[in-house]
Amino acid sequence: MDFNDTKEEAAFRKEAHDFIAKHLQPKGNKPIRQTMSGDDYMKAAKAWQKAKATAGYAKITWPKEMGGYGGTAMQQVIWNQEEGKFDSPGGPFTIGLGMCIPTVIAFGSDEHKKRYVQKAVLGEEIWCQLFSEPSAGSDVAGLKTKAVKDGDEWVINGQKVWTSGAHYSDYGILLVRTDPKVPKHKGLTMFIVDMKQEGVEARPIHQASGGREFNEVYFTDVRIKDSDRLGDVGQGWKVAIVTLMNERLAVGGSPGPDWSEIMNYAKDAGTMEDAAFRAKLADWYVAAQGYSLTKLRTQTALSKGQTPGPENSIGKIITANQLQDICNSAIEMQDHYGLITEQDRMPADALFQQSFMWAPGLRIAGGTDEILKNIISERVLGLPGDIRVDKTAPFDELKSG
Amino acid sequence: MNFDFSEDQKFLGNEARKFLESSCTSAVVRGVLNDDDVSHDADLWKKIVEMGWLGAAIPEENGGLGLGMLEMCVLAEEMGRVLAPVPFASTAYFFTEAVKLGDKSQQAEYFPGIVNGDIIGCYAASEGPGAPNAANLTTELKGGKISGTKIPVTDGDIATHAVVLVKDGSGSSLVLVDLQGEGVTRNTVKTLDPTRSHAEITFKDAPATLLGKSGDGARLNEDLLNRVAVLLAFEQLGGASRALEMAKDYALERYAFGKPIGGNQAIKHKLADIYVKNEIARSNCFYGAWALSTGAAELPEAAAASRLAASEAFWFASKENIQTHGGMGFTWEVDCHLYYRRAKLLAVQAGAPPVWKEKLVRALETKNAA
């Protein structure tokens with residue numbers, strides 16, 4: 001038992017580190033995301049993506065002919081760890097390269113692959129994923145955006161929601177209902193959609209946190225060529241499953257302030273001696289440490305060339321709830337003053353207050369706590385799925401609301 | 001990255017599981033549970049001695065197998081799964097690890113007897129409600145002899161030897177005492193976990209030998225408990241894993257309202273919560289095992305995190321296992337309560353979670369200040 005790289009892993013880590021260090025700055029006090037304008041940040045992100053792609057590092061596990069490195073999952077983890085040590089402008093390409101393009105590779109024609117893959121890898125074109133709808137979140141197969149065949153084109157009408165990066169994306173993969181007369185999972189079809197065409201309108205969502213990072217996207221008589229279909233008509237659910245399975249291996253750090261930040265704050269605030277706080281701090285440490293170490297168990301499997309176990313599925317349940325709890329405690333520790341959200345008046349630049357309002361979203365995005373627990377109980381523990389009323393009836397006869 | 005047990009260690013665990021599943025059945029555990037005069041399963045204990053498990057982490061020069069702490073962790077998990085009603089933890093963790101804090105001649109004196117089963121150890125620290133420390137101890141060392149009363153002492157009625165935390169001048173010391181010698185009287189004590197025997201031990205001028213230096217008891221006791229905590233955490237992990245399996249199996253076979261109760265989200269989410277806590281415990285336990293086996297400076301926080309995560313996991317799994325079983329779970333005949341009982345023994349016998357939370361935070365403060 002040890003935490004060391006193998007010789008090969010160490011060599012790759014050095015290779016990765018040396019390359020990244022030539023292009024990026026180590027993490028400083030203020031991340032560049034906060035110091036740059038949106039446009040400048042996007043420019044920096046595109047430049048970094050191009051540099052990585054040109055050198056073959058944009059997708060470590062992809063084959064070389066797809067613009068990848070031809071490496072192992074473990075090498076991808078090592079790359080992410082090394083890149084994570086630097087102030088990397090990574091965001092805009094994550095969904096496209098992590099979910100959309102793998103779907104294009106799996107179901108697209110040779111023309112699609114030729115047209116889209118390289119440009120996405122180089123960061124010249126950005127993709128988004130258009131699945132969720134106002135009445136189809138956890139139950140995404142209940143979506144209502146419809147596509148009607150018109151000659152060799154389809155006409156799309158409907159609304160998508162919680163689409164990350166829709167306003168700056170060039171293309172998207174779009175899941176729509178092509179047949180409402182059959183059961184819900186059988187009437188779906190997947191398309192590639194040009195996000196810059198007429199009839200596609202991305203509007204920012206005003207989130208409960210006050211920010212506007214996500215979009216809703218309206219489709220009004222948008223025309224898509226039948227040749228831009230991914231998979232067969234009615235096979236969209238199968239295609240979507242492949243998209244969702246390609247979600248990247250979670251190797252990110254904590255999504256906000258953790259036990260060490262609230263401990264530092266408590267020391268400054270003089271509340272470190274409070275017995276109730278000390279007990280909570282111990283709980284937070286144990287859970288956070290437990291999850292970090294769980295990721296090392298997953299990496300161990302990858303390092304040995306094995307398929308990781310299901311243990312990593314605990315991740316977001318732990319991190320999102322803990323973030324919410326830590327922020328709540330930090331605010332209460334500040335008493336009445338803890339209400340203030342103005343950065344220049346507040347300890348830690350009001351990070352606890354900011355994350356307090358972000359945490360509820362984190363418990364929902366990418367699978368709610370409840371859906372994740374269903375997944376653990378069904379796929380890991382082998383308990384039965386729910387008795388369903390919506391599997392066999394035609395979609396247009398189901399109750400919705 | 002190699003944050004896992006080796007293939008050999010996993011093989012040892014599998015072999016141990018096979019042996020224990022056939023030799024330490026529910027009926028064996030209940031043999032001890034249901035008879036106040038039976039302190040442990042002597043037959044199982046004999047077999048465990050014969051297989052050499054007590055010497056897994058004792059050097060070959062002292063008669064042990066000379067394997068290591070990782071192997072002992074693997075065995076501990078298996079012992080925890082089956083609620084083994086034998087003084088394994090008292091002898092192989094508490095007493096053996098205490099002797100490792102002593103000098104070479106003490107190790108030569110005690111290790112061979114531990115390995116061949118002549119010595120059954122125990123750990124005597126508690127004297128009353130609350131965690132024992134130098135300020136509240138009354139059992140005292142004077143002129144090489146100790147006097148005072150320890151209660152409860154797990155396996156204290158069958159042990160041949162004890163490691164005892166005593167007041168020594170203005171501080172404390174750890175001493176070894178031959179319980180078969182003069183000045184020792186013992187009474188059994190009833191506890192929440194009757195599958196392991198407990199005693200009140202009264203010492204009256206009982207001869208004792210120091211472990212390490214006089215007055216160094218607080219530090220030595222910390223060192224000892226850090227090492228024992230990791231091993232106990234593996235027992236807790238084994239128990240928590242087994243409790244989850246029991247709950248899952250029952251949820252699949254028990255029908256209510258025309259379907260298995262495991263199809264209800266209230267049950268599914270409960271079991272998912274157990275799974276999450278068990279995985280958090282497993283990962284922390286692995287780290288504790290690493291720190292224990294390598295002598296890492298991180299042992300204090302790793303041991304505390306293992307113990308806290310595993311105590312929480314076993315407590316939660318054992319109580320929700322009863323809940324999942326419904327009325328059946330509250331009967332004497334179904335094994336759920338045995339796990340609930342053992343979970344509490346393991347959570348308090350080397351310092352309860354509140355004590356370890358404070359230790360952990362102090363370790364984090366020390367680290368942070370450095």
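How many helices and strands does chain B have? Chain B has 11 helices and nine strands, counted as DSSP runs (H or I of at least four residues for helices, E of at least two for strands) and numbered from the N terminus.

## About the model

This is a predicted model, in which local features need pLDDT of at least 70, side-chain atom pairs count only at pLDDT 80 or more, and totals for chains, interfaces and linings use all residues. Residues are numbered from 1 along each chain as its sequence is written, while chains are lettered from A and ligands numbered from 1 in the order in which they are written.

## Chain B as a whole

Buried residues make up 56% of chain B. Buried here means 20 or more other C-beta atoms within 10 Å of the residue's own, with exposed at 12 or fewer, partly exposed in between, and C-beta atoms placed from the backbone.

## Domains 1 and 2 of chain B

Chain B is split into domain 1 (7–116), domain 2 (123–215) and domain 3 (218–369), with bounds from an automatic or database domain assignment. The C-alpha centres of domain 1 and domain 2 of chain B are 22 Å apart. Their contact takes 14 residues from domain 1 and 15 residues from domain 2; two residues are in contact if their C-beta atoms, placed from the backbone, lie within 7 Å.

On the domain 1 side, α2 (26–33) and α5 (88–100) of chain B are the elements giving two or more residues, and α5(B) gives the most, with four residues. That side has 10 nonpolar, four polar and no charged residues. Nonpolar covers Ala, Val, Leu, Ile, Met, Phe, Trp, Tyr, Cys and Pro; charged covers Asp, Glu, Lys and Arg; the others, Gly among them, are polar.

## Where the chains meet

Chain A puts 36 residues into the contact and chain B 39 residues. On the chain A side, two or more residues come from each of α9 (275–303), α10 (315–333) and α12 (369–380) of chain A. Of these, α9(A) gives the most, with 17 residues. By class, the chain A side has 21 nonpolar, eight polar and seven charged residues.
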